[in-house]
Structure formats: structure tokens, C-alpha cells
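Hi,

Here is the structure I promised to pass on. My notes on it follow below.

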Amino acid sequence: MKEKLIKIKKFIGENIRKSYEVPLWKWIIICFVMSIVEVVLLETLGRRSLLSPFVFIFHNPLVFLYNIFIVFFTLSIALLFKRRGFVIGFILMLWLAVGLINFILQGNRITPFSAIDFLMVSDVLSMFTIYFNLPQRIGIFAGIILFIIFMVVAFLKIPKIKGKVNYIEGSVVVLISFVFVYVMTVIALETSMISDKFTNLNTAYKDYGFAYCFANSVIDQGISKPENYGEEEIDKIVEDISDIKVPHRLYPYKNNQKQLPDIIVIQLESFIDIGRVNGVNTDIESIPNFKKLQEDYPSGFLTVPAIGAGTANTEFEIITGMKSKSFGAGEYPYKTVLTETPCESMAQLLLRQGYGTHAIHNNKAKFYSRDLTYSSLGFQTFTSLEYMLHFERTRTGWAKDNCLPEEIFKALDCDEEPDFVFTISVQGHGKYPKTELKTEEHVKVTLDSGDPELTYQFGYFVNQCYEMDQMIGQLKEMLDERENDYVLLLYGDHIPNLTFEEGQFNSGTESQTEYVIVSSFDLGLEDRDMYTYEMSDYLMRALDLGPGVMQDIHYEYYDTKHPDLNMAYDAKAVMMQYDMLYGDRYIYNTIEPYERVPMKLGIYDITVDSATFNAANGLVIKGENFTEFSKILINDDRQPTLYVDENTLMIVAEDINELNAGDQICVAQIDKNKHELSRTNTINFYY
């Protein structure tokens with residue numbers, strides 16, 4: 001038996017060595033055949049089906065061939081290396097790796113894997129324990145380790161080709177394959193065989209193939225420079241919108257000051273009316289407060305730019321009036337341009353009109369880089385979970401939304417000026433459990449299909465929506481009890497990441513959620529359906545609060561009756577988005593430039609008042625507004641900290657190694673990924 005294994009090993013080794021003596025044209029054939037196999041494998045993983053890839057090949061053979069040539073181009077680079085076999089294998093493994101990541105992600109969300117997800121690594125890691133159980137986490141880490149070991153062994157064992165590498169021939173092949181792919185891309189775009197603007201990322205991956213869509217997401221970032229972009233074109237837009245009249249609204253005056261209403265916007269995570277979904281039954285109304293508000297106030301369907309995920313792009317469109325689809329495939333402007341570049345937004349506009357601007361999110365500050373982006377959008381304060389005193393968690397680990405009214409009222413009461421409070425909830429976030437969890441069942445959910453896993457998932461989700469709806473009812477009551485006028489915009493960011501069959505929605509579409517505009521006075525608005533990028537113009541114009549350039553472009557060019565025919569609007573909007581965020585900022589010759597606002601994390605200062613030490617209790621820090629994320633620092637070194645209450649932190653005696661007179665003590669807000677967000681004042685310790 002041992003001799004047979006030796007002979008087999010020798011036979012394989014000899015054939016591998018012989019393969020390295022083949023001419024270049026045979027290597028090209030090898031690369032092409034491997035490209036076919038790789039594309040079929042990628043489509044199998046992406047579609048999570050053994051049959052679907054062949055349906056794709058049958059219906060779109062040219063698109064399938066185009067994807068093959070994309071992979072072939074990447075493999076052709078191996079012809080420039082002496083370790084040709086290893087490089088081919090390495091490139092194939094990289095394609096396989098992104099295909100496997102896509103397979104795993106689509107098991108937990110609707111949106112496929114794209115290049116922007118590389119910027120989301122820290123956010124993904126923070127949710128790792130929520131989306132994957134212990135065996136799955138072990139399997140993922142084991143897979144990564146095995147991949148590294150395999151590549152190291154392959155590098156050491158796979159031989160080099162004999163003789164010298166013909167770099168001229170290899171370069172010619174690479175160049176020809178690149179030109180061929182480029183020409184195919186141009187022709188395919190011109191003939192609409194493919195598109196580089198993905199209305200729905202999930203649909204695009206299915207229509208155009210994984211290799212093309214992923215490669216496009218790597219290359220296509222930001223907004224491409226419009227062909228006719230220039231100062232003259234921007235001036236034409238400014239001239240068109242300069243005569244727009246804003247309806248005048250009378251507001252009461254007090255002490256010679258116009259009494260403007262507070263504006264509260266709440267983006268509700270995955271929030272929908274489950275009654276829209278056929279085959280899902282509840283014993284009582286799951287969102288009674290929201291439904292009552294829809295009867296009494298202006299409401300309708302809101303077409304959002306995301307399905308099952310992509311919260312930040314819905315948020316971006318609401319607050320800026322810009323289209324997220326103008327950016328790269330799958331791109332989140334929050335993670336790219338807005339981390340450094342100031343942008344026109346409702347917050348920027350209202351700040352200039354005397355409003356205080358506040359953002360609230362009961363999740364970590366760094367999620368979608370909001371700790372950086374909100375400064376670009378004009379928020380003066382941002383209260384993330386790390387700065388909240390009171391909150392509960394769901395059984396899947398997300399903060400419940402019942403903490404939001406308290407934080408909203410802190411923002412409203414922190415000053416005398418009217419306030420704009422933009423709030424993002426998180427309670428309805430997936431992953432939804434496929435087994436029964438011991439949670440309070442407010443609503444009994446059954447499915448016509450009887451599928452037990454889906455029943456548990458829908459049951460959990462619907463009950464989260466019920467609790468979110470209770471928060472809405474509580475907030476409405478609290479706002480009505482105040483003397484201030486207010487406007488409250490409520491809407492869902494996208495449908496939940498659950499399995500929906502085609503045609504399962506009995507009203508609206510899978511791209512639509514619901515909204516309602518609640519107010520303490522008559523806004524004169526009617527029920528209507530709209531896109532997210534319409535909302536800022538719709539709301540600010542109704543309130544007679546000076547809209548910005550993007551809102552005026554929308555008002556001047558947008559045809560609400562024929563939104564699919566708005567080519568002129570799209571061109572003007574993209575032109576202005578490019579100018580503001582990437583271009584020469586010609587618009588700022590006309591208006592005052594927007595600037596990043598020096599944003600404060602949390603509404604109220606976290607302060608350290610005193611530090612006392614004794615051998616029995618350890619170090620006790622007294623101060624104000626401490627939270628569970630407050631950690632004591634001694635001479636810049638983080639210490640194991642016990643949170644007692646909002647005025648007290650401790651380091652127990654056994655955790656203190658040494659404490660000397662003159663040591664500097666402060667408190668820092670540290671998120672669960674060990675990132676420091678802010679520090680308090682520093683005091684010197686004395687016995």
C-alpha cells in the first residue's frame with residue numbers, strides 16, 4: 001500500500017513538473033479553463049444554488065462569457081511570474097475567498113459582498129457574536145488559518161517554471177486581455193447588456209454576475225466627473241433655482257424671537273407593518289400607535305435605497321436630499337467622502353437658521369463612521385450608546401429603543417433654541433433567531449407555511465416592532481405635554497432581513513417602507529408616496545425653513561408624477577453632488593461654504609470631581625454622567641473599572657498595582673472594541 005502511494009505521488013509530481021515545460025499558449029488555455037470553472041463556482045456560491053448558475057448561463061451567455069474574461073485577465077498576470085502555478089492558484093483562491101465571504105454574508109443579510117465591506121471590517125467584527133454562533137465562529141477562524149497554511153505550503157512546494165520568464169510575451173497577453181475586457185465593458189454598457197449603476201445591488205449581482213459586480217465595486221467609488229462639468233454649468237443651475245419662492249408660514253413670536261418648532265426625525269430600524277406581508281398572521285395589531293398616527297397625519301410609502309441592510313444610505317438620502325445611487329456600487333458615502341468633506345444637509349441648513357443640531361443612535365459611535373461623518377453633516381452633538389445612562393438590550397444583543405425618548409428630551413432641553421434631533425434606532429436589527437428565545441410575547445405570530453424557523457424569526461421581529469411602536473406612543477405623549485410646537489418624522493429604513501417570496505407584499509414593494517409626519521400644528525400636507533431623497537425638500541418647504549441647493553434642484557427639476565423620466569433632474573443633481581463633494585466647489589461662489597462642525601459626543605459633559613483611595617475599597621472616582629462605557633485612566637493607562645452609578649466609578653483594591661501621589665487620573669469613554677471616544681478633565685491624585 002505504501003509503495004502504491006509513493007508511485008502515485010511520484011506520478012503526480014512528474015506530471016506537474018512536465019506541465020511547467022509547456023509553451024505559453026498552453027498556459028493561456030489553462031488560465032481560460034480555470035476561469036470558466038471559477039466563474040461557475042462563484043455563481044454557485046453567490047446564488048446559493050447548484051442549478052441557478054446554469055440558468056444564468058443559458059439566459060445570459062454573453063454576460064457569463066464577459067465574467068469569464070474578467071477572471072481570465074486577473075489570472076493572466078501570473079504569466080509574468082516564475083512561480084506561475086502558485087500565482088494562478090493564489091489568484092483563484094482570492095476569488096474563491098471573496099465568493100465564500102459573499103456566500104456567508106448572504107446567509108445573514110440580503111445585500112451581497114462588495115468592496116465597501118472592506119471599510120466595514122470594524123463594524124462587522126463588532127457584530128460577529130450576534131450573527132455567528134460559537135461553532136460558526138470557530139469554523140470561520142479555522143478556515144482562515146487553513147487558507148494561510150495552504151498558501152504557505154503551496155508557495156514552498158509548487159515548483160518554478162524552467163528557464164527564464166518571457167516578460168514581453170507575458171505582458172502582451174496581459175495587455176491584450178485587459179484591452180479585450182475594456183472594449184467588452186464599453187460595448188456591454190452601450191448596448192445595456194450590463195449597467196454600472198445598480199438600482200438594486202442584489203438584483204445586479206444576479207443579472208450581471210459576481211465577478212463583474214464585485215470588480216465594479218472595487219473600481220467604481222465616488223461620483224464620476226460629469227462630461228459637461230464646469231463653472232458655467234453650475235452657474236446655469238444656480239440661475240434656474242434663484243427665483244424659487246418658498247411658501248410663507250407665520251410662526252408665533254416671543255420676546256421678538258420667532259418661535260420655530262422642534263424637529264425630531266426617527267429612522268426606525270427594519271420597521272414595517274407586517275400586515276403588508278401575505279402569509280404572516282398576528283393575533284393583534286403589531287404597531288397600533290404608528291397605524292393610528294397614519295390615520296391622523298400625512299403619511300405614505302417611502303421608497304428607500306436599500307433592502308434588508310444599508311441603513312446609512314437611507315439616512316444619507318433623507319438628510320441630504322442626495323441620491324446614494326450616484327456613488328459607487330454598494331458605496332456608503334458615510335464611510336468614504338463624508339468622513340472628511342462637509343456636505344449640505346438638513347442639519348447644516350437648520351444650524352444656519354438658529355437651530356441646535358443633535359444626532360442620537362443607540363448603537364456604537366463608530367458604526368458607519370458616524371463619529372466622523374456627523375461633523376461633516378453639521379451636527380453639534382452626537383449621543384451614541386456609549387453616552388447613554390439607561391438602556392436595556394434585546395436577547396440578540398441590540399439596545400432597545402425605549403431609551404430614545406429620554407435622550408431626545410435631553411437634546412430638546414439642553415438649550416433655549418429650537419432643536420433638530422436626528423435619531424436612528426437599532427432594536428429591530430437582525431439577525432433574527434431561528435429558534436425560540438425567552439422573550440416577552442406581546443404579539444402571537446403564525447405563518448401559513450408553518451415553517452418553524454421562519455415562524456420564530458418573524459415572531460421575534462414582529463415583537464421587536466411592537467416594542468418600538470410602544471416607544472413611539474410614549475414619545476408622542478411626552479411631546480404633547482410640552483409647550484413647544486414640534487414636527488415628528490417617523491419612517492422605516494428598509495424591510496427586515498427576512499425571507500420574503502416574490503409577490504408576498506400585498507401593498508407597496510420590497511423597496512418601500514412607511515412614513516408619517518406628526519405635528520402639533522397643521523402643516524397643510526397630504527398623504528403621498530415619495531423617495532427618500534424627496535423628504536428633505538418636502539418637509540423644509542412645508543415648514544418655510546430655507547431649503548438648500550439640493551432641495552431647490554429637486555423643486556425646480558423633479559417631476560413627482562413621472563419619477564422614472566427625471567433624466568434632467570438626475571443630471572443636475574449629480575452635477576451638484578459632484579461639485580460639492582469632489583469637484584471645484586463652484587457653488588460656493590454663490591453660497592457660504594459648509595464646514596465641519598466641532599461636534600461633541602454626548603449632550604452633557606462627563607466630569608471627574610474627586611478620587612479617594614483606601615486599602616479596603618480601592619480607588620473611588622466621583623463625578624457626573626458616567627456610563628457603563630466609562631473607564632478610569634491612570635497616567636494614560638486603562639484600568640479595570642467597576643461602574644457603580646452615573647456618579648461613581650471604582651477600581652477594586654486587588655486590581656490596583658501601584659498608586660502614587662501626583663498620578664494623573666481621568667475617565668475615558670471606551671467602546672466595546674476598545675476605541676477611545678473622548679476623555680474627561682484630568683485631576684492629580686493625592687492621599
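Contact here means heavy atoms within 4.5 Å. Leaving aside residues up to four places away in sequence, Ile517 touches Tyr297, Pro298, Val487, Leu488, Leu489, Leu523, Leu525, Met535, Tyr538 and Leu539.

Before you read on: this is a predicted model, where local features need pLDDT of at least 70 and side-chain atom pairs count only at pLDDT 80 or more, while totals for chains, interfaces and linings use all residues. Residues are numbered from 1 along each chain as its sequence is written, and side-chain values use heavy atoms, with hydrogens and water left out.

Now the cores. A nonpolar core is a set of buried Ala, Val, Leu, Ile, Met, Phe, Trp, Tyr and Cys residues joined through side-chain atoms within 4.5 Å; buried is under 20% relative accessible area (1.4 Å probe, protein chains only). The largest one has 93 residues, and Ile517 is among those with the most contacts inside it, along with Phe379, Phe420, Leu619 and Ile621. Helix H21 (567–581) gives the most to this core, seven residues. A second, separate core of 53 residues includes Ile264, Ile287, Tyr460 and Met471.

Then the sheet. Helices (H or I, at least four residues) and strands (E, at least two) are DSSP runs, numbered from the N terminus, and two strands pair if DSSP finds at least two bridges between them. Nine strands form an open sheet with mixed pairing, in the order E12-E5-E11-E10-E3-E8-E6-E7-E13. Its edge strands are E12 (530–531) and E13 (600–601). E5 (299–303) runs parallel to E12, joined by two bridges, and Thr303 stands opposite Tyr531 in E12.

Cheers

Definitions and conventions. Buried < 20%, exposed > 50% of the residue type's maximum accessible area, 1.4 Å probe, protein only.
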